[in-house]
Amino acid sequence: MWFLTRFLVFISLFTGYVSGFALQKLPLIQFDEGYTQLFGDQNLIVHRDGKSVRLTLDERTGSGFVSNDIYLHGFFSSSIKLPADYSAGVVIAFYLSNGDLYEKNHDEIDFEFLGNIRGKEWRIQTNIYGNGSTHLGREERYNLWFDPTEEFHQYSILWSLSHIIFYVDNVPIREVKRTASMGGDFPAKPMSLYATIWDGSKWATDGGKYGVNYKYAPYVTQFTDLILHGCAVDPTEKFPSCEDEAVESLRLASEITVSQRKQMESFRRKHMTYSYCYDHMRYKVVLSECVVNPAEAKRLRVYDPVTFGGIPRGHRRGKHRSRSHLAGTESI
């Protein structure tokens, strides 16, 4: 009965918002309506209004929360404010995963914020795994056109049967289309929504060159404007599924308009610093779902000819150009 009730609410709300792109108008929820503390003891604090939550990392522990329900597709969003000052090695993650249910073949869709050295930009990373394909890695990394520590900005994931779209402030920044050749590498099993802050000293900032310095602790990140809008399923079902109406609603919502696509192309042209689709050092053959954009390939090759040109490191001459002139603080 609980599933039918949630499904009917999902349909009535979602179908009213898929015309054009108005997902940002979906209803916000109270923290306790959708989430439960995952870890961190007193390092997770829900604000008095019940709409916002603060996560802290200190010498003792990080912290995090998880959705009460498990979802098969949907739209998941939060406005997030990142820790200010020196935060190298600190990882804030907003992501979907089913690692607790499928230990060896889990799916994952990630937003990860990878710390910063004072005076440098926070980097944002998106990634997807399907069916335990963690050995592949489908990462993209970007700089942002704003300082994410000064105020809240919205980060969203749309996950449908055929698309995954990442948004920043309602601007699509990455689109992944499901292809037959991807097989199980496209996330397809029910997942929970997580938000965490933790110590990623070994890899997060410049490949682990700069770790967490607890002299600057506690590191505090805040989440508000919480949206959990998906098809909640019963995890005990062997083959959970969404009804045709829900699938169609998500399909319509995943249609990127002409103006949105222009925004996405502008963002990627100005702010993308890494894409697995162009990494010749990791992948000698481009993965099947990649659509190679010659302009993107050229820009990244100039930015880092070793990674994106496949030049052996021993044959590299001089240093690649600084990224600073490309990052800027301009709007998209």
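In the second largest pocket, helix α4 supplies the largest share of the lining, five residues. The model described here is predicted. This pocket has a volume of about 630 Å³. A total of 21 residues line the pocket, and those closest to its centre are Glu175, Met264, Arg268, Val291 and Glu296. At least two lining residues come from each of β12 (171–177), α4 (258–271) and α5 (294–303). By residue type, the lining of the second largest pocket consists of eleven charged, eight nonpolar and two polar residues.

The largest nonpolar core contains 67 residues. Within this core, the residues that touch the most other members are Phe65, Ile109, Phe111, Phe113, Tyr155, Trp159 and Phe223. Strand β14 (residues 219–233) makes the largest contribution to the core, with seven residues.

Gln125 belongs to strand β8 (residues 124–129). The relative accessibility of Gln125 is 4%, and Gln125 is therefore classed as buried, since the class takes in values under 20%. Leaving aside residues up to four places away in sequence, Gln125 touches Asp110, Phe111, Glu112, Leu114, Glu139, Glu140, Arg141 and Trp203. One of these residues, Phe111, is also listed among the core members that touch the most others. With Arg141, the side chain of Gln125 forms a polar contact, side chain to side chain, at 3.0 Å.

Some features of the backbone were also examined. Most residues other than glycine have a negative phi, and most peptide bonds are trans. The peptide bond from Ala217 to Pro218, however, is cis, with omega near 0°. Pro218 is located in the loop between β13 (192–199) and β14.

A positive phi occurs at His73, which is not a glycine, with a value of about 80°. His73 is part of strand β5 (residues 70–81). Because its relative accessible area is 6%, His73 is buried. Asn170, likewise a residue other than glycine, has a positive phi near 70°. Asn170 lies in the loop between β11 (163–168) and β12. With a relative accessibility of 22%, Asn170 counts as partly exposed, because that class covers values between the 20% limit for buried residues and the 50% limit for exposed ones.

Conventions: Residues are numbered from 1 along each chain as its sequence is written. Side-chain values use heavy atoms; hydrogens and water are left out. Helices (H or I, at least four residues) and strands (E, at least two) are DSSP runs, numbered from the N terminus. Buried means under 20% relative accessible area, exposed over 50%, partly exposed in between (1.4 Å probe, protein chains only). A polar contact is a pair of N or O atoms within 3.5 Å; within protein, one must be able to donate a hydrogen and the other to accept it, and residues adjacent in sequence count only if both atoms are side-chain atoms. Contact means heavy atoms within 4.5 Å. On a 1 Å grid over the protein atoms alone, a cavity is a set of points where a 1.4 Å probe fits but cannot get out, and a pocket is an open set with protein on both sides within 12 Å along at least five of seven lines; lining residues have an atom within 4 Å of a point. Grid points are joined across faces, edges and corners, and a volume is the space filled by probe spheres set on the points. Ala, Val, Leu, Ile, Met, Phe, Trp, Tyr, Cys and Pro count as nonpolar, Asp, Glu, Lys and Arg as charged, and the others, Gly among them, as polar. A nonpolar core is a set of buried Ala, Val, Leu, Ile, Met, Phe, Trp, Tyr and Cys residues joined through side-chain atoms within 4.5 Å.
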